[in-house]
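Visitor: Please show me the model, and let us then discuss it by question and answer.

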Amino acid sequence: AAHAQVTEVSQAGFVSEHQLELPASPEKVYAALVDGVHLWWDASHSYSGDANNFTLDGRAGGCFCEALPGGGSVEHMRVIYADPAKLLRLSGSLGPLQVEAVRGTMTFSLEATEHGTVLKYRYVVGGYARDGIENWAEAVDQVQLSQLQRLKAHLEKQ
């Protein structure tokens, strides 16, 4: 089951929320988020075109980064809260939001269930975008839901 929606939107920003039931323990889900991001992240939402270039250092101050050909790199987000198997929070801007004066806080909360884990996801985005930040809400929401569905499919294969 998956539930997603833009729960708030204004000229100041938006909130995207998702909830998924995942067929793995919170420990395995957390490991997939942190150590295995390159295994499920969609390469079409990268600068290098290769998801294997992603890493996520899962501790406060750690980088969700991407290596670029020729020795370059991109910081997508920074870890601001890490509690293994319970909560992961990052701050930053993804994709086209990175070139605007926009910042988001992304939270992954994990709760154990009888059959695995409920992942509650929230991305709170605010700031200034030249074409209006509110115009980005639906597109960002759909991309993030797609990424989380890829995470779920990855966990189902294990």
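Visitor: Which residue in the turn of the hairpin formed by strand 5 and strand 6 has a positive phi?

Guide: This is a predicted model, in which local features need pLDDT of at least 70, side-chain atom pairs count only at pLDDT 80 or more, and totals for chains, interfaces and linings use all residues. Residues are numbered from 1 along each chain as its sequence is written, and side-chain values use heavy atoms, without hydrogens and water. Strands are DSSP runs of E with at least two residues, and helices are runs of H or I with at least four, numbered from the N terminus. Between strand 5 and strand 6 lie 3 residues, and the one with a positive phi, of about 70°, is Ala-85.

Visitor: Which residue in strand 6 is the bridge partner of Tyr-81?

Guide: Two strands pair if DSSP finds at least two bridges between them. Strand 5 (residues 73–83) pairs with strand 6 in the antiparallel sense over 6 bridges. The partner of Tyr-81 in strand 6 is Arg-89.

Visitor: How many residues of strand 6 are buried?

Guide: Buried means under 20% relative accessible area, exposed over 50%, and partly exposed in between (1.4 Å probe, protein chains only). Strand 6 spans residues 87–92 and is largely enclosed by the rest of the structure, because the buried residues number 5 of the 6.
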